[in-house]
Amino acid sequence: MLRITHRSLTAAAGAIALVAVLAACSAPSADQRPEGGTGIATLETAAPAPTEAADALIAEYGEPVRLRLDMSDEEQTDAWKARDRCLEDHTDAPQDAPVGGDGSVTGSDGGDPAKAAEAEALCLRVAPLPPWELDVQNPDALRFAQGVVDCLHDRGVREVEIAEADQFGRINIAFGGETNDATSISLGMQYVDACVASESGGSTA
């Protein structure tokens with residue numbers, strides 16, 4: 001089932017921004033140049049080796065699952081279990097704290113907010129990947145999302161738009177607009193799955 005957001009909802013507490021760090025490259029010295037070489041530095045294209053912490057996380061919780069548009073609610077819940085267990089293991093939250101999918105473990109659950117934020121960042125490594133059709137890394141994802149929006153417009157949803165990708169890298173559809181239009185929210189929730197199925201050429205559970 002396609003995850004949706006209302007324009008009036010605020011971002012989840014403890015959301016973590018991932019920061020990319022650029023490493024500087026320098027040309028080799030004269031005694032480091034290969035014999036007959038020009039001495040011009042070349043860009044390394046190999047992916048960086050995973051950190052020990054990332055390796056340990058994958059070893060303990062498993063590789064993240066790629067979500068599908070046609071997954072049942074039960075399948076989606078199962079896909080989030082690794083991240084949920086990771087959050088429970090790395091926070092002071094009680095075992096029945098609301099985690100999974102849209103949920104976040106925060107200080108309001110009785111734990112340390114700083115520790116909860118660290119856990120969110122750490123456990124993102126084992127969170128399920130978005131459906132490829134709505135993955136921000138997919139160059140066609142915006143086209144797909146726009147097709148869903150156009151379909152919803154055809155179904156009478158006046159206030160609907162493409163929302164920014166969430167912390168899991170998933171592009172979402174927001175209903176209601178600035179005025180939180182109730183009719184648009186209601187119709188949007190009613191027809192979004194059918195429009196996703198139409199745009200994907202398949203069916204959603």
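Asn-138 counts as buried, because its relative accessibility is 10% and the cut-off for buried is under 20%. The model is predicted. Asn-138 sits in the loop between helix H4 (113-123) and H5. Asp-135 lies in that loop between H4 and H5 too. The chain has 205 residues, and 34% of them count as buried.

**Overall fold**
- The secondary structure comprises six helices and three strands.
- Along the sequence, the elements run β-α-α-α-α-α-β-β-α.
- Among contacts with a separation of 6 or more, 63% join residues 24 or more positions apart.

- Beyond residues up to four places away in sequence, Asn-138 touches Trp-132 and Glu-133.
- Asp-135 has a relative accessibility of 6%. Asp-135 therefore counts as buried.
- With neighbours within four places set aside, Asp-135 contacts Arg-66, Pro-130, Ala-141 and Gly-169.
- The C-alpha atom of Asp-135 is separated by 9.6 Å from that of Asn-172. Along the chain, Asp-135 and Asn-172 are 37 residues apart.

**Nonpolar cores**
- The largest nonpolar core holds 18 residues. Phe-144, Val-148, Leu-152, Val-160, Ile-173, Phe-175 and Val-196 touch the most other members.
- Helix H5 (141-154), strand S3 (172-175) and helix H6 (182-200) each give two or more residues to this core.
- H5 supplies the largest share of this core, with seven residues.
- A second, separate core has nine residues. Among them are Leu-57, Tyr-61, Cys-123 and Val-126.
- Phe-144 is one of the core residues that touch the most other members.

**The aromatic pair**
- How many aromatic pairs does a search of the whole structure find? The search finds one.
- The pair is formed by Trp-80 and Phe-168. Its geometry is edge-to-face, at 4.9 Å centre to centre and 80 degrees between the planes.
- Are Trp-80 and Phe-168 buried or exposed? Both are buried.

**Packing of H3 and H4**
- The axes of H3 and H4 are 9 Å apart. The two helices pack at an angle of about 150 degrees.
- Their crossing is right-handed.
- On the H3 side, Arg-83, Cys-86 and Leu-87 make the contact. On the H4 side, the residues are Ala-119, Glu-120 and Cys-123.
- By class, this contact of H3 with H4 has four nonpolar, no polar and two charged residues.
- Cys-123 of H4 takes part in this contact. Cys-123 is also included in the second core.

How values were computed: Residues numbered from 1 in each chain as written. Predicted model: local features only at pLDDT ≥ 70, side-chain atom pairs only at ≥ 80, totals over all residues. Heavy atoms only, no water. Core = buried A, V, L, I, M, F, W, Y, C linked by side-chain atoms within 4.5 Å. Buried < 20%, exposed > 50% of the residue type's maximum accessible area, 1.4 Å probe, protein only. Helix = DSSP H or I, 4+ residues; strand = E, 2+ residues; numbered from the N terminus. Phe/Tyr/Trp six-rings, centres within 6.5 Å; stacked < 30°, edge-to-face > 60°. Contact = heavy atoms within 4.5 Å. Axes fitted to C-alpha atoms, helices over the stretch in contact; angles between N-to-C directions. Left-handed = near helix turned anticlockwise from the far one by under 90°. Nonpolar A, V, L, I, M, F, W, Y, C, P; charged D, E, K, R; others polar.
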